[in-house]
Amino acid sequence: MTGWDDLASTALVGTDRRPYPGDLLEAAAVESVRRRAGTKTPDEPSQTSAPGESRASGDGGAADAGRAAMEERGVVGRRAAEWLRRILGGEHERLLPEWLAAAAATGRIVPPYVLPDLLERGRRDRSMRVHLGVLAGQRGRWLAGLNPGWDYLLAEPTGETWELGGAADRRAHLTALRAAHPAQARELLESTWEQESPDDRAGFVEVLAEGLSMDDEPFLEEALDDRRREVRQAAANLLTRLPESRMSRRMAGRLRACVTITGGVIAVQAPMACDKEMERDGVRQKPPRGTGERAWWLQQIIARAPLSVWDHPPARLLAMKIPDWDVEVKGAWVRAAVLQRDPEWARAMFGWDPIADLLVALPPAEQQELAARFVAEHDLDSQLIMVLGGVSSHWGDGLATAVLRKIVKVNTTQPWNLAELVKLAGEHIDPDLHELAEDFSPAEPVQKVAALLRFRADMYKELHR
């Protein structure tokens with residue numbers, strides 16, 4: 001009788017009549033996961049095994065299964081797991097990333113029976129992976145070693161330390177240290193910089209965005225000479241946010257050579273060439289398809305030069321005449337506001353080109369205020385959906401009310417056009433506002449929003465039991 005048969009038989013007759021050594025449910029869960037991963041139990045002969053072949057490998061598999069069962073962290077509660085099961089079963093599937101993030105924050109892992117489904121979904125959707133390394137636990141990593149399609153999990157954070165972890169664990173460690181002690185994080189990175197791989201160096205540089213200051217400038221300036229373009233670009237992006245950095249001052253000089261402001265006119269002379277020094281400072285020589293070289297170089301210089309160099313507030317500059325390169329200059333101002341996280345410029349440029357990227361430069365409360373005005377003043381179209389998609393969750397009363405009011409209005413004229421807005425509202429409004437939505441209007445789309453908000457509120461409640 002195989003191990004699976006033994007488990008099934010014991011489950012059928014009960015442990016009173018057929019005692020089972022150990023935890024029957026735990027063993028059954030492990031065996032179920034093994035089978036869904038396409039592996040045999042240790043006492044089942046492999047179809048590919050040669051006659052008389054030693055079963056030592058099978059014994060090793062049993063040891064691996066035992067190690068996988070020895071989790072260091074507890075599993076989320078049964079009712080919280082039920083919410084996950086419902087989501088995986090197709091009920092509000094777009095909430096899966098939110099459930100995973102909330103579950104990871106509790107420090108617990110997912111139950112064994114959902115691992116194959118989660119790992120398979122993570123194979124297809126990279127955005128899910130950020131939390132799976134922690135949520136899958138030891139058993140998940142064991143499964144990932146059995147199925148090549150799931151081995152991506154082995155590169156995700158697991159909670160290991162800087163010295164012992166893989167690339168993802170080390171980045172997570174550096175991120176946490178940077179948030180608490182910025183200088184220590186930079187010094188730790190400097191101590192191992194020469195030994196890091198090019199891919200790791202690029203990722204590690206991006207971590208320094210948190211707590212960025214002029215103390216980081218010497219290290220980032222040296223990173224501009226890195227062999228890997230991604231490392232140089234990451235360093236240049238951070239130096240762009242430091243207006244006193246040497247790179248920013250060089251960019252300011254290039255901008256002054258290109259632009260002259262006289263009265264209400266901005267005269268622009270795009271650069272004629274891109275030299276090695278410009279490339280070192282993050283200006284990419286080859287333009288994207290459909291963009292001319294000079295326009296491309298001009299836009300990058302404007303985007304990386306300190307916005308203070310313009311000596312005028314953005315609202316006034318937008319009112320000036322730009323005889324040549326008008327669209328290129330204003331598009332570069334948008335990019336500069338995003339790169340440099342400048343709130344004043346982000347507000348002004350949002351009025352010229354309301355794109356979601358500009359909202360990143362604003363605090364969450366102001367994002368919502370700006371988005372609420374946009375919702376009130378604009379028709380429901382793809383641009384409105386994109387703007388709302390860029391606003392940080394969870395939306396408070398102001399934005400929630402503006403969106404619900406828009407839903408009621410559109411429901412009387414174009415109810416067929418509401419599907420995406422209803423989903424966004426249900427997924428991003430603070431779930432604690434479900435009663436606000438329930439009382440707002442009896443209209444069916446609003447009640448759908450209310451039902452989804454209540455679903456999320458109950459989901460969080462169970463996760464935090």
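**Helices, packing and backbone**

Modeller: To begin, the place of Gln233 is in helix H13, residues 229-240. Please bear in mind throughout that the model is predicted.

Colleague: Is Gln233 buried or exposed?

Modeller: The relative accessibility of Gln233 is 16%. The limit for a buried residue is under 20%. Because 16% falls within that limit, Gln233 counts as buried.

Colleague: Which residues is Gln233 in contact with, leaving aside its neighbours within four places in sequence?

Modeller: Gln233 belongs to helix H13. With neighbours within four places in sequence left aside, its contacts are Gly282, Arg284 and Arg304.

Colleague: How many of the ten residues of helix H5 are buried?

Modeller: Helix H5 spans residues 96-105 and is mostly covered. Its buried residues are Leu96, Glu98, Trp99, Leu100, Ala102, Ala103 and Ala104. The cover over them includes helices H4, H6, H7, H23 and H25. Of the ten residues in H5, the number buried is seven.

Colleague: Which residue with a positive phi follows H5?

Modeller: The phi of this residue is near 80 degrees. The residue that follows H5 is Gly107.

Colleague: At roughly what angle do the axes of helices H9 and H10 cross?

Modeller: Two packed helices are described by the angle and the distance between their axes. For H9 (residues 167-180) and H10 (residues 182-192), the axes come within 5 Å. The crossing angle is roughly 145 degrees.

Colleague: Which residues of H9 make the contact with H10, and how do the residues of the contact divide by class?

Modeller: From H9 the contact is made by Arg170, His173, Leu174, Leu177, Arg178 and Ala180. H10 contributes Pro182, Gln184, Ala185, Arg186, Leu188, Leu189 and Thr192. By class, the residues of this contact are seven nonpolar, three polar and three charged.

Colleague: How many charged residues does the contact of H22 with H25 have?

Modeller: The axes of H22 and H25 come within 8 Å and cross at roughly 145 degrees. Leu404, Ile407, Val408 and Asn411 of H22 meet Pro445, Val446 and Val449 of H25. The contact has six nonpolar residues and one polar residue, and the number of charged residues is none.

Colleague: Where does His394 lie, given the cis peptide bond from Ser393 to His394?

Modeller: Most peptide bonds are trans. The bond from Ser393 to His394 is cis, with omega near 0 degrees. His394 lies in the loop between helices H21 (382-389) and H22 (397-411).

Colleague: Is Asp311, which has a positive phi, buried or exposed?

Modeller: Asp311 is not a glycine, yet its phi is about 60 degrees. Asp311 is found in the loop between helix H16 and helix H17. Because its relative accessibility is 65%, Asp311 counts as exposed.

Colleague: What is the relative accessible area of Arg341?

Modeller: Arg341 also has a positive phi, of about 50 degrees, although it is not a glycine. Arg341 lies in the loop between helices H18 (326-340) and H19 (343-352). Arg341 is partly exposed, and its relative accessible area is 39%.

Colleague: Finally, what percentage of the residues of the protein count as buried?

Modeller: The protein has 25 helices and two strands. Its accessible surface comes to about 23,600 Å², with 51% belonging to carbon and sulfur atoms. Of its 465 residues, the share that counts as buried is 46%.

Note on methods. Residues are numbered from 1 along each chain as its sequence is written. This is a predicted model: local features need pLDDT of at least 70, side-chain atom pairs count only at pLDDT 80 or more; totals for chains, interfaces and linings use all residues. Side-chain values use heavy atoms; hydrogens and water are left out. Helices (H or I, at least four residues) and strands (E, at least two) are DSSP runs, numbered from the N terminus. Buried means under 20% relative accessible area, exposed over 50%, partly exposed in between (1.4 Å probe, protein chains only). Contact means heavy atoms within 4.5 Å. Axes are lines fitted to C-alpha atoms, for helices over the stretch in contact, and angles run from 0 to 180 degrees between N-to-C directions. Ala, Val, Leu, Ile, Met, Phe, Trp, Tyr, Cys and Pro count as nonpolar, Asp, Glu, Lys and Arg as charged, and the others, Gly among them, as polar. Accessible areas come from the Shrake-Rupley method with a 1.4 Å probe; for residues, only the protein chains shown count as cover.
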